[in-house]
Amino acid sequence: MSTSGAERWATADIRTIPVQRFRPGQHGFAAYGSDCGQWDVVSAFVRQGLALSEKVLVILHPSVTEEELLDRIDGHTPALEAAWRRGQLGLSSMRALIAPHHGFTAARQWDRLAEESALAVREGYTAMRAYIDMAWVDDLGTNLNDVMQRERSAQHLFTGRTYSELCAYDDRSFTDEVLTEMHRTHPVNLLAAVGALRAVHHHGGNGAGVRLTGEADIATQDEFLRALQTTLGRTTPGQPLNIDLASLHFLGAGCAADLLRLSASVSSPTTVRCTSVQARVLHRLGAGSVRSLALVVEEGTGC
Amino acid sequence: MLTPELLCRLRFTLRDLPRVRIEVETCAAWAGLCEPRRGEFVVAVDAVATNAVEHAGGSGQLLLRHIGDELECQVADEGPGFSEDVIPELLPGLDGAPTGRGLWLAKLVTDRLSVVRAGDNGSGSGNGSVVTFAVRLPHG
């Protein structure tokens with residue numbers, strides 16, 4: 001994974017989520033700096049959509065064939081092959097989407113996407129999600145300003161939560177100015193890499209805290225522990241310590257134990273905001289024996 | 001005799017673990033395993049695969065199958081081999097060594113878990129162990 005590319009746009013503000021947390025009604029920005037990094041995200045995007053019973057539309061660089069898509073995302077599993085056969089997963093192009101028209105207009109594209117998502121719901125899917133590689137802009141010879149205006153004013157597509165869209169920008173093909181503007185414009189930004197972990201610290205009148213996004217496993221365990229220790233270091237003894245795991249898609253056993261161990265070692269009351277699955281894991285590993293620890297389960301954050 | 005349905009077969013090292021979790025989550029959803037058990041099953045798979053990466057040769061092979069009313073996962077490694085004895089009977093204390101906590105959790109959240117050391121199952125000599133664990137799927 002290139003750090004010179006997508007990492008630049010992977011700031012962990014409140015809008016940053018891992019691809020596995022992409023949900024109906026979201027309009028997301030992703031940047032990639034290598035083909036390898038893009039395929040990991042496409043693979044996760046597709047699989048998560050299928051797990052949520054959504055219809056999944058993939059629009060990639062026009063040169064990508066169906067065979068290449070399935071090869072690159074390890075699509076020859078029973079679940080993916082069945083989804084492909086019944087039309088739950090499909091590869092298309094912007095050219096095909098707006099046909100028989102040849103030129104892009106925002107209204108034309110919006111109408112077609114709205115039609116497709118309505119069809120997906122009629123077919124019994126919970127929603128439709130689209131991964132759109134912005135290589136189509138060059139392919140159709142579209143004015144970039146028109147595309148950027150479309151991205152800024154597409155809110156109405158997402159209000160019914162029957163459609164979500166991830167716009168993927170190859171940072172070798174777009175200028176920094178365009179990428180910065182698109183990163184700012186989209187309501188949701190994706191972490192640069194599957195498996196990554198990001199920590200955002202905050203400190204206010206209500207004590208110190210950290211918001212963790214991504215995945216906490218053996219590969220990110222040192223980062224996870226460092227983030228907790230940094231937060232602890234910023235906490236005045238006795239002041240509350242707030243740990244927000246609600247945007248953490250995965251909490252492994254090792255990191256969960258680290259969190260409990262650290263909570264047990266401090267006098268500060270510690271509040272952990274988490275998903276129902278994380279709460280079950282923490283309870284099973286002994287959260288109940290850590291007196292200063294309170295778990296607050298965020299409804300609707302289960303996966 | 002129930003015919004197993006192969007859901008996925010993956011070779012993995014440390015860098016593949018996120019991909020393993022995504023694949024297992026997708027297959028588990030497809031097989032009908034609902035939350036929160038699906039999330040806990042993914043945690044169990046990660047714990048067993050992590051054990052292979054950390055202590056059993058750095059890599060492994062995962063096999064996920066739908067057998068009858070169960071979702072079964074096998075993780076084979078090529079490490080020195082270990083037996084079920086390494087899994088503590090009780091939850092290891094937070095102040096103790098972390099050894100075995102992941103496997104202990106995997107055993108707790110699944111409906112069955114067993115460990116067979118290669119060579120102990122009549123298949124001849126060889127390195128490594130196979131951890132097999134399963135959860136029951138909801139009816140219907």
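This is a predicted model: local features need pLDDT of at least 70, side-chain atom pairs count only at pLDDT 80 or more; totals for chains, interfaces and linings use all residues.
Residues are numbered from 1 along each chain as its sequence is written, chains are lettered from A and ligands numbered from 1 in the order in which they are written, and side-chain values use heavy atoms, leaving out hydrogens and water.

**Exercise 1.** Describe the contact between chain A and chain B.

*Solution.* 
- Start with the residues: 34 from chain A and 32 from chain B take part, where contact means heavy atoms within 4.5 Å.
- Next, look for charge pairs: there are six salt bridges between the chains (a side-chain nitrogen of Lys or Arg within 4 Å of a carboxyl oxygen of Asp or Glu).
- Take one pair: A:Arg280 and B:Glu40 form a salt bridge, with their closest N and O atoms 3.3 Å apart.

**Exercise 2.** Work out which residues line the largest pocket.

*Solution.* 
- Begin with the lining: 26 residues make it up, and A:Asp40, A:Ala193, A:Val194, B:Arg15 and B:Pro18 lie nearest the centre. On a 1 Å grid over the protein atoms alone, a pocket is an open set of points where a 1.4 Å probe fits, with protein on both sides within 12 Å along at least five of seven lines; lining residues have an atom within 4 Å of a point.
- Finish with the classes: the lining has 13 nonpolar, four polar and nine charged residues (nonpolar being Ala, Val, Leu, Ile, Met, Phe, Trp, Tyr, Cys and Pro; charged being Asp, Glu, Lys and Arg; polar being the others, Gly among them).
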